[in-house]
Amino acid sequence: MKIRGKVIKYGDDINTDVIFPGRYLAITEPEEMAKHAMEDLDKDFLEKVKERKIIVAGKNFGCGSSREQAAMCLKYAGVEAIIAKSFARIFFRNAINQGLPIIECKEASSDIEDGEEIEIDLDKGVIKNLSNKKEYAFKPLPDFIQEIINAGGLLNHIRKRLNR
Amino acid sequence: MGMTISEKILARASGKERVEAGEIVEANVDLAMSHDNAALVSKIFKEIGVDKVWDPDKIVIILDHRAPANIIKAAEAHKSIREFIKERGIKNFYDVGEGICHQVVPEKGYVKPGMLIVGTDSHTTTYGAFGAFSTGIGATEMACVWATGKLWLKVPETIKMVINGKLQEMVTAKDVILHIIGEIGSDGANYKAIEFYGETVKNFSVSSRMTISNQAMEAGAKAAIVPPDEKTINYLRDRVRGEIEPVYSDGDANYESEMEFDVSDLEPQVACPHTVDNVKPVSEVEGIEIDQAVLGSCTNGRLEDLEIAAKILKGKRIAPGVRMIVIPASREIYLEALKRGYIEIFLRAGATIINPGCGPCLGAHQGVLASGERAISSTNRNFRGRMGSPDSEVYLASPATVAASAIEGKIVDPRRVVG
């Protein structure tokens with residue numbers, strides 16, 4: 001799978017409370033969650049994400065709460081992939097389970113600038129910066145995780161598995 | 001090569017002789033815990049399309065995050081959970097007022113050493129204090145656990161953390177774990193398990209061990225395990241059913257790293273806005289004015305926490321203009337605190353007592369902060385906007401530091417207030 005798009009860049013330790021504030025946790029509809037994505041971090045996020053679909057961030061992205069709403073709100077707001085130096089473990093799982101591709105790549109995370117256009121090849125493990133032609137290699141996710149992402153998330157994946 | 005506690009528990013749970021760090025296993029879950037987010041879990045569960053949950057006796061649900069409901073949406077969510085548990089025969093349900101999940105689950109006897117426990121809450125690591133492998137997962141995964149009882153897990157590497165030294169008076173487990181998080185960083189244990197050893201940990205009460213296993217999540221820990229001893233067994237004996245079979249690591253187990261901490265000279269610690277690893281000794285932040293002081297949470301709302309605060313507040317008044325909010329972590333703790341007179345001390349000091357639950361910790365209700373306001377709190381997170389307005393600030397500290405600061409209206413070293 002290839003994903004192409006422009007980048008929104010953030011820093012280190014972007015936590016689940018700024019991605020999806022606790023005051024909205026009673027919401028169970030993904031479309032409604034999306035309206036509050038990144039609300040306490042970046043008031044312009046919903047405007048930016050209309051044009052730019054890939055987040056590039058620093059270390060420990062998604063640290064904090066186990067709230068899956070953090071991954072859900074980003075996905076339903078239109079984010080198509082997240083590249084970071086590292087992810088907090090529960091967010092890492094939640095993103096996969098929402099079918100949202102996430103990539104750990106330190107060099108790409110440092111180099112790629114806000115607004116640049118990139119292309120990610122998930123199968124080959126390559127990120128191309130289309131603005132300056134620079135390429136970055138990353139270790140592709142294991143096959144069974146790619147299967148979950150390709151199915152559109154764990155819910156679809158388990159439905160297939162149980163109905164097989 | 002021997003195995004760590006995590007490796008042994010995950011080997012047993014996945015039906016294998018042995019597993020090693022880095023291996024991915026499909027494990028059978030022993031206990032699945034959810035709180036108010038069971039509303040989202042049950043909604044996803046219904047979308048999977050299976051009728052029955054895998055084992056209703058292995059599912060436990062506690063309402064604590066918005067308890068009692070603060071908005072109609074929360075009330076509807078609670079209602080949907082009450083309907084769901086009836087439909088699916090889930091009897092292990094604790095409604096509004098019983099307490100915070102991480103206190104109620106061990107208190108009611110669901111936790112035993114060696115168990116594999118997952119919960120839809122990051123601080124599920126708390127049960128590591130009893131020698132369980134216990135970790136947080138998301139709602140979709142929990143729905144799948146409810147359907148199948150299984151979950152994929154990567155066997156984590158383990159950090160062996162040895163903590164030695166006799167703590168000074170008014171310096172507690174909270175100060176120790178904040179200090180450690182300050183040292184190793186907010187991702188210092190990401191993807192990893194921790195095993196706690198050393199004389200300080202041995203001397204800790206079960207409550208204090210719960211504090212470190214809970215707060216260790218803020219260094220990213222996947223599990224934070226204290227090997228069981230007599231104290232563990234004494235706490236569990238009258239609460240659990242069946243045998244208690246502790247799991248210990250082998251002498252030649254493979255640790256990712258070993259860290260040693262000497263805490264004998266440690267002064268009270270404070271985690272400053274807006275990250276939990278922004279930790280400073282209290283002497284560096286003394287004098288910062290506060291609007292609110294919060295005593296409670298799954299980290300520090302237990303009897304010993306209320307006890308030390310009551311000792312400090314006895315016969316004193318909290319500073320004019322400061323709101324102090326006290327939240328006993330469970331009904332059991334609330335009743336005991338009443339009996340011992342702590343609640344009366346808090347009320348006479350001018351504090352507000354909130355029913356057992358998460359209270360304002362996650363910024364949902366019961367004491368959220370306005371813009372420009374500042375709180376000192378015994379809770380576990382100080383992220384921007386965590387307790388209310390994105391323009392407010394949260395300083396994390398021990399119950400002793402919270403209580404002393406409430407009296408002075410500014411952050412203060414509790415050793416000075418008592419001494």
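Predicted model: local features only at pLDDT ≥ 70, side-chain atom pairs only at ≥ 80, totals over all residues.
Student: How many residues of chain B are in contact with chain A?
Tutor: 41 residues of chain B, against 32 residues of chain A. Contact means C-beta atoms, placed from the backbone, within 7 Å.
Student: Which element of chain B gives the most to that side?
Tutor: α2(B), with 6 residues. At least two residues each come from α2 (38-48), α3 (72-88) and α5 (139-148) of chain B. Helices are DSSP runs of H or I, at least four residues, numbered from the N terminus.
Student: And how do the residues on that side of chain B divide?
Tutor: Into 17 nonpolar, 13 polar and 11 charged. Ala, Val, Leu, Ile, Met, Phe, Trp, Tyr, Cys and Pro count as nonpolar, Asp, Glu, Lys and Arg as charged, and the others, Gly among them, as polar.
Student: Switching topic. Into what domains is chain B divided?
Tutor: Domain 1 (5-261) and domain 2 (271-414). The bounds come from an automatic or database domain assignment. Their C-alpha centres lie 24 Å apart.
Student: How many residues does the contact take from each domain of chain B?
Tutor: 32 residues from domain 1 and 30 residues from domain 2. On the domain 1 side, α6(B) gives the most, with 6 residues.
Student: What about the polar count on that domain 1 side?
Tutor: 19 polar, with 6 nonpolar and 7 charged.

Note on methods
Residues numbered from 1 in each chain as written. Chains lettered and ligands numbered in written order. Contact = placed C-beta atoms within 7 Å.
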